[in-house]
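Please look at the sequence and structure first.

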Amino acid sequence: MLILIIFAFLAGVVTILSPCVLPILPVILSGSVGSGKLRPWGIVVGFIVSFTVFTLTLSALVQALHISADVLRWVAVALIFVFGLVMVIPQLKNVFMLAATRLTVQTSKPKKAGGFWSGVLLGMSLGLVWTPCVGPIMASVITLALSQTVDLGAVLITLAYSSGTALPLLLLVLGGRGLLNRFPALTKNTSKIQRVFGVLMLLTAVALFTGADRMFQTWLLQTFPQYGSGLTFIEKQTIVEQALKARQ
């Protein structure tokens, strides 16, 4: 079990380079220009919670709500689209910030807390659309979850994978924020940069909804066939395959 937990964490770290993730990079980087110093941490918390819960309860959610798994993906895409609109339209941004402030009115620093909770929502939407990007280890966990077989091992493996994935997410967002703070010219144009990322998020949402992101992934893998296989190399080790068979 320890082997799968370790390799799940490593697989999560390298997933950021997956062709499946490239189309949603604008959504990740948008966290760099959000308000509140705690926003990056909110994205990480939202992602870990969303991905873990969604992965382990997929079958139960589908049966309880009588919907297909794709519906939950569309909800995440809708959230990304709304965040894009908020970043593009100043009036919507003001309404969103007011709502966030009211939710955190009891905190001593509402603006920072507001940044955290908006980050949580963004992270949760990422967690919902991230599932198709997983490799063999998480695929086996998802398969067991679909058959309503979830044990402590599945929980620990999923947490390890989501934590590994969250690490580069956090570094990307913090790195982008540090870049903005380092150059005054960028800081002065933060509102314009936010609008640019907002447009990119809207385009990303449209691509996810229409399936254009999957067409891009297919083209990329056909053009560079070694790219995708290289990313799953970590999970194709004999010791990992043996550990997966032992869990079946």
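Q: In what order do the elements of the protein run from the N terminus on?
A: Helices (H or I, at least four residues) and strands (E, at least two) are DSSP runs, numbered from the N terminus. The protein has 13 helices and zero strands. The order is therefore α-α-α-α-α-α-α-α-α-α-α-α-α.

Q: What is the basis of the values?
A: Residues are numbered from 1 along each chain as its sequence is written, and side-chain values use heavy atoms, with hydrogens and water left out. The model is predicted: local features need pLDDT of at least 70, side-chain atom pairs count only at pLDDT 80 or more, and totals for chains, interfaces and linings use all residues.

Q: What percentage of the residues in the protein is buried?
A: Buried means under 20% relative accessible area, exposed over 50%, and partly exposed in between (1.4 Å probe, protein chains only). The protein has 248 residues, and the buried share is 45%.

Q: Which helix supplies the largest share of the nonpolar patch?
A: Nonpolar side chains (Val, Leu, Ile, Met, Phe, Trp, Tyr) are joined within 5 Å. Leu2, Ile6, Phe9, Leu10, Leu167 and Leu171 make a patch of about 540 Å². At least two residues each come from α1 (2-14) and α8 (152-182), and the largest share, four residues, comes from α1.

Q: Why does Ile6 count as partly exposed?
A: Ile6 lies in helix α1. Ile6 counts as partly exposed because its relative accessible area is 41%.

Q: Is α1 roughly parallel or oblique to α8?
A: Axes are lines fitted to C-alpha atoms, for helices over the stretch in contact, and angles run from 0 to 180 degrees between N-to-C directions. The axes of α1 and α8 are 7 Å apart, at an angle of about 30 degrees. Angles under 35 degrees count as roughly parallel, over 145 as roughly antiparallel, 65 to 115 as roughly perpendicular and the rest as oblique. So α1 to α8 is roughly parallel.

Q: At what angle do the axes of α1 and α13 cross?
A: Helix α13 covers residues 238-247. The two axes come within 9 Å, and they cross at roughly 120 degrees. That makes α1 oblique to α13. The value is roughly 120 degrees.

Q: How far apart in space are Thr218 and Cys20?
A: Thr218 sits in helix α11 (residues 212-223). In sequence, Thr218 and Cys20 are 198 residues apart. C-alpha to C-alpha, the distance is 9.4 Å.

Definitions and conventions
Patches are made of residues with over 30% relative accessible area and no salt bridge: like charges are joined within 9 Å, nonpolar side chains (Val, Leu, Ile, Met, Phe, Trp, Tyr) within 5 Å. Accessible areas come from the Shrake-Rupley method with a 1.4 Å probe; for residues, only the protein chains shown count as cover. A salt bridge is a side-chain nitrogen of Lys or Arg within 4 Å of a carboxyl oxygen of Asp or Glu.
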